[in-house]
Amino acid sequence: MERRRIGASALEVGAIGLGCMPMHWAYTASQQSGEGALRAVHAALDAGVNLLDTADMYGPFTNELLLGRVLRQRRPDVFVSTKCGLLVGEQHIVANGRPGYVKRACDASLRRLQTDAIDLYQLHRPDPEVPIEETWGAMAELVAAGKVRSLGLCAVGARAHRRAGGGLYDTTIRQLARLQQVFPVSCVQAELSVWSPEALDALVPWCAARGVGVLAAMPLGNGFLSGTLTPGQGFEPDDVRARHPRFTAEMMAANQPIVAGLRRVAERHGATAAQVALAWVLAQGPHVVPVPGTKKERWAVQNAGAAGLRLTHEDFAEISALPPVRDSWA
Ligand SMILES: NC(=O)c1ccc[n+]([C@@H]2O[C@H](COP(=O)([O-])OP(=O)(O)OC[C@H]3O[C@@H](n4cnc5c(N)ncnc54)[C@H](OP(=O)(O)O)[C@@H]3O)[C@@H](O)[C@H]2O)c1
């Protein structure tokens with residue numbers, strides 16, 4: 001598989017990563033399967049993937065524990081990226097960016113992951129109660145201590161914090177500029193997909209100009225862009241899509257032309273709609289690495305296969321001409 005640099009660091013990853021969140025978080029708990037997920041991770045690694053993206057809060061903790069079983073056997077094959085700064089409470093998820101907490105969280109992640117060092121340590125969400133430089137300074141100390149190799153910032157929550165009239169990533173870009181004064185940002189994790197291209201306006205170019213990598217989260221539109229979901233199929237209450245404005249029966253039906261377009265392109269290449277969606281993300285810059293999430297072996301392998309798919313000008317033109325996404329955010 002093609003390799004890509006993570007930011008200005010010497011660290012390289014396979015062009016397609018594996019998002020491990022669906023194994024223990026956000027998607028319905030009834031479908032979680034520990035051993036199946038383990039097979040998916042091994043299959044992805046065998047297919048040339050090395051970046052495994054997790055977080056302490058996925059589970060919480062169970063996703064890192066699962067990856068620890070893999071790392072114990074195959075540490076040289078893996079670039080492990082995890083996250084700190086969000087705590088799962090009884091009722092709410094709360095941010096904690098206090099330096100002492102971040103350092104304890106790192107030690108706990110290292111234990112669960114059964115490794116001496118985390119390749120990429122990401123701040124999951126800035127804590128509004130703590131200046132971001134203080135949190136980042138503590139993370140930089142973890143690099144100095146050899147517990148972490150590079151640092152990243154997640155900006156996946158940007159949509160929820162969008163201010164009227166501003167760009168979706170204005171706040172993120174201001175935060176990144178502040179962080180760069182403290183310690184280099186190796187990469188930013190942001191939503192990027194055919195139906196969520198907003199990061200291309202300012203964030204992805206900002207990163208390209210500064211040698212910062214981009215991990216593209218939700219590159220399959222939470223599964224929608226694969227075309228395997230049916231409008232009106234419904235989601236269990238613990239699945240994020242049960243409350244997601246793009247996953248009502250009405251919006252899923254309204255957005256079918258996007259899936260149909262991806263399928264038309266896929267047919268020309270003997271590929272799947274999911275692979276076309278991933279190839280489109282990959283083409284947005286050599287610093288962009290999609291991390292499609294799955295707990296299924298066959299999809300992990302299929303997604304890795306997208307690294308070899310080159311879309312043509314005709315394909316890009318067809319995807320650009322697809323109707324914009326319909327949702328109640330627009
Ligand atoms: N930093 C953050 O705050 C943040 C937020 C969101 C996501 N992320 C990261 O980004 C990763 C990707 O996001 P995501 O997992 O939410 O969304 P995604 O990659 O857009 O889609 C995941 C969904 O697509 C399904 N899927 C995967 N490959 C498929 C294929 N080839 N054909 C059909 N369906 C397929 C999965 O099903 P199964 O689950 O049944 O396998 C899962 O339901 C996460 O795993 C996580 O690592 C980070």
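Which helix gives the largest share of the shell around the ligand? In this predicted model, the largest share, 3 residues, comes from helix α10, which spans residues 297-305.

**View 1. The residue shell around the ligand.** The shell around the ligand holds 33 residues, of which Tyr27, Asp53, Thr294, Lys295 and Lys296 come nearest. Sorted by residue class, the shell divides into 15 nonpolar, 12 polar and 6 charged residues. Helix α10 (residues 297-305) supplies 3 residues of this shell, the largest share.

View 2. For Pro219, the distance between a polar backbone atom and an oxygen atom of the ligand is 3.5 Å. Taken alone, the ligand exposes 900 Å², and the protein buries 96% of that area.

**View 3. The stacked pair Trp195 and Phe224.** The count of aromatic pairs in the model comes to 4. In the pair formed by Trp195 and Phe224, the ring centres are 4.7 Å apart and the planes stand at 5°, so the pair is stacked. This pair links distant parts of the chain, 29 residues apart, with Trp195 in the loop between β10 (187-191) and α6 (203-210) and Phe224 in the loop between β11 (213-217) and α7 (249-254). Trp195 counts as buried because its relative accessibility is 2%, under the 20% limit, and Phe224, with a relative accessible area of 1%, is buried as well.

**View 4. The edge-to-face pair Phe235 and Phe247.** The ring centres of Phe235 and Phe247 lie 5.7 Å apart with their planes at 85°, so the pair is edge-to-face. Phe235 and Phe247 are 12 residues apart, and each is in the loop between β11 and α7. At 18% relative accessibility Phe235 counts as buried, as does Phe247 at 5%.

**View 5. The aromatic cluster and the arginines over its rings.** Trp195, Phe224, Phe235 and Phe247 form one aromatic cluster. Arg246 lies over the face of Trp195, at 4.8 Å from the ring centre, while Arg241 is placed over the face of Phe247, at 6.0 Å from the centre of that ring.

Terms used
Residues numbered from 1 in each chain as written. Predicted model: local features only at pLDDT ≥ 70, side-chain atom pairs only at ≥ 80, totals over all residues. Heavy atoms only, no water. Near = heavy atom within 4 Å. Polar contact = N/O pair within 3.5 Å; in protein donor to acceptor, adjacent residues only side chain to side chain. Areas by Shrake-Rupley, 256 points an atom, 1.4 Å probe, with all protein chains shown as cover. Helix = DSSP H or I, 4+ residues; strand = E, 2+ residues; numbered from the N terminus. Nonpolar A, V, L, I, M, F, W, Y, C, P; charged D, E, K, R; others polar. Phe/Tyr/Trp six-rings, centres within 6.5 Å; stacked < 30°, edge-to-face > 60°. Buried < 20%, exposed > 50% of the residue type's maximum accessible area, 1.4 Å probe, protein only. Lys NZ or Arg CZ within 6 Å of the ring centre and 35° of its normal.
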